[in-house]
Amino acid sequence: MYLNNATRVLTAALRVLRSFAEGISEYWKSWPKKRQKNALVVVLTVFMFCLGLKLGSDLFYAHYWERATVSSLSNSPYVDYWEWETTSRFSDAHQGGSGGDDLCDSFPSYLLSRVQVVLKIGSTEPPSRVDTHLATVTRCITNLIVFSDRESEIKGHHVYDILATLPESFWTNSPDFQAYSAIQRGDSNTAGSSQGWTLDKYKFLPMVERAYEMNPTAQWFVFIESDTYFVWDNLFRLLDQFDPSHPLYFGSPAPGKDHSFFAYGGAGFVLSTAAVQRLVARKAESDGVYGEPPLSQRYKDLINVDCCGDSILGWALHQSGVDLSGLWPMFNPHPVHGVPFNERHWCQPVISMHKLSLEDMTELARWENQRGRKLPLLYADLFEFTKMGTLDYKTDWDNGDWGGWQEPPQSPAHRSVEACATACHEHPQCFSYTYVHSGHCVFVPSMRLGAQKPATEDTSLSAGWDLEKIKQFRDSHKCQRPQWVKPSTGRIF
């Protein structure tokens with residue numbers, strides 16, 4: 001009974017649908033050919049527009065959504081990087097390098113109309129470090145702003161005392177004021193390097209505020225220190241992929257206050273103009289008078305108790321609704337001799353490094369300029385600069401001071417430097433080693449250059465590299481495309 005009724009309903013519905021279709025067909029045939037053609041164009045245009053909206057939204061959200069959201073939209077495994085096709089802004093990008101000694105011959109100076117670079121230094125720093133930086137990393141930055149704790153002139157650059165922007169009341173009952181006063185008198189020796197470093201934390205908030213006041217039309221603000229190395233070509237390629245009207249904060253993530261993250265200052269960090277505007281915005285009353293103090297005064301209590309200015313800045317940005325987009329290892333706290341070359345430091349572009357020696361800073365800038373910029377500089381390329389694939393052993397050297405481990409005390413690896421080398425070769429995860437001649441063997445699970453370590457009265461160190469394993473790694477890790485890492489605070493230094 002129920003089946004017969006259902007059949008009757010379905011039959012009736014089909015008759016109505018057929019009648020409706022025949023009516024539409026007759027109406028369509030009654031139209032002139034030209035009108036039919038125009039109608040088809042409209043339908044096709046609407047279809048393509050809707051398809052474009054769908055694809056565009058997918059691309060946008062894949063770019064800005066969090067990992068969990070993107071993963072839930074697709075059955076494919078999450079990939080922690082983009083394989084962008086980027087273009088160099090340097091004029092010699094498709095040549096073999098500038099070939100000349102001048103680092104600035106091919107530098108895209110026109111980009112500095114929208115990228116403001118800020119160098120933060122201190123009066124107690126060795127002058128040679130600042131001079132080397134100005135001769136290499138920031139040599140081509142024609143709009144460079146230099147902030148310090150004392151007004152001066154260095155190599156044609158005016159140096160602004162950023163601490164002078166703080167009100168006198170800011171220093172009330174502060175022991176750091178004595179160091180600042182000594183620096184103002186030109187007595188940097190009395191202040192000392194440790195007290196000079198203490199003053200550093202006071203610079204971060206006012207330097208961001210002042211940089212924006214000095215160049216409010218900039219789209220990006222790049223903050224670096226005198227021992228920070230920047231690969232400008234890779235930075236410009238990165239910034240080309242993002243919209244500065246979004247509040248963006250790039251750098252190497254470090255844990256901050258109340259589960260937030262901040263960008264480690266030594267590796268440099270980048271703020272979009274939208275991020276800076278959110279940070280420095282001040283509420284105004286109806287009569288136009290500001291209803292709250294400037295940025296530094298708002299965070300005076302935190303500055304007094306926190307050790308570090310990069311942490312304070314990160315918290316202020318967090319409270320302004322701007323959270324860090326962590327881009328480690330592209331922004332890297334390691335110096336070039338400390339990079340632990342491995343899968344996480346291989347096909348990723350290099351944007352910054354920290355605590356380079358003056359020699360490395362000079363040689364790397366020259367090598368980068370001669371290398372050419374047809375492709376982004378990857379860690380695999382930086383490995384070639386270290387010449388590590390040709391080294392097997394160095395005396396008075398330490399490559400195990402970061403990331404290494406010791407085998408149990410009874411291990412034969414501790415008997416001699418030769419035993420240490422043999423044990424490293426036999427261990428599948430050991431790529432290099434350091435032997436402490438007092439009887440300790442340190443295995444290193446990465447290809448790390450390390451640095452000179454002069455012998456003392458108590459002991460000496462020697463380091464070695466397993467060339468066979470290094471060759472196998474290089475042969476099996478050919479970079480097909482650069483891996484531009486996606487923002488993450490789970491991937492951390």
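**Close-ups of a predicted protein model**

The protein folds into 16 helices and 21 strands; here helices (H or I, at least four residues) and strands (E, at least two) are DSSP runs, numbered from the N terminus. This is a predicted model, so local features need pLDDT of at least 70 and side-chain atom pairs count only at pLDDT 80 or more, while totals for chains, interfaces and linings use all residues. Residues are numbered from 1 along each chain as its sequence is written, and side-chain values use heavy atoms, with hydrogens and water left out.

**View 1. The whole chain at a glance.** Of the protein's 493 residues, 47% count as buried. Buried means under 20% relative accessible area, exposed means over 50%, and partly exposed is in between (1.4 Å probe, protein chains only). Now for contacts, meaning heavy atoms within 4.5 Å. Take those between residues at least 6 apart in sequence: 72% of them join residues at least 24 apart.

**View 2. A disulfide between Cys-307 and Cys-308.** A disulfide is a pair of cysteine sulfur atoms within 2.5 Å, and a search of the whole structure turns up 5 of them. In this one, the S to S distance is 2.3 Å. The link of Cys-307 and Cys-308 is left-handed, with -85° about the S-S bond. Are the two partners buried or partly exposed? Cys-307 counts as partly exposed because its relative accessibility is 48%, whereas Cys-308 has 18% and so counts as buried.

View 3. The link is right-handed, with 70° about the S-S bond. It ties distant parts of the chain together: Cys-420 belongs to helix H15 (residues 417-426) and Cys-441 to strand S18 (residues 440-444), 21 residues apart. Cys-420 is buried, at 0% relative accessible area, and Cys-441 is buried too, at 0%.

**View 4. Cys-424 joined to Cys-430.** These sulfur atoms are 2.0 Å apart. Which hand does this disulfide have? The torsion about its S-S bond is about -95°, so the link of Cys-424 and Cys-430 is left-handed. Cys-424 is buried at 1% relative accessibility, and Cys-430 is buried at 0%. If you number the protein's bonded cysteines in sequence order, the pairing reads 1-2, 3-4, 5-10, 6-9, 7-8.

**View 5. Inside the largest nonpolar core.** A nonpolar core is a set of buried Ala, Val, Leu, Ile, Met, Phe, Trp, Tyr and Cys residues joined through side-chain atoms within 4.5 Å. Another core lies apart from it, with 43 residues, including Tyr-212 and Ile-312. Not counting residues up to four places away in sequence, Phe-250 touches Trp-220, Phe-242, Phe-269 and Phe-331, among others.

**View 6. The second largest pocket.** Its volume is about 490 Å³. Of the 25 residues lining this pocket, the closest to its centre are Lys-120, Arg-129, Trp-197, Asp-200 and Glu-225. On a 1 Å grid over the protein atoms alone, a pocket is an open set of points where a 1.4 Å probe fits, with protein on both sides within 12 Å along at least five of seven lines; lining residues have an atom within 4 Å of a point. A volume is the space filled by probe spheres set on the points. Helix H6 (188-200) and helix H12 (309-319) each supply at least two lining residues, and H6 gives the largest share, 4 residues.
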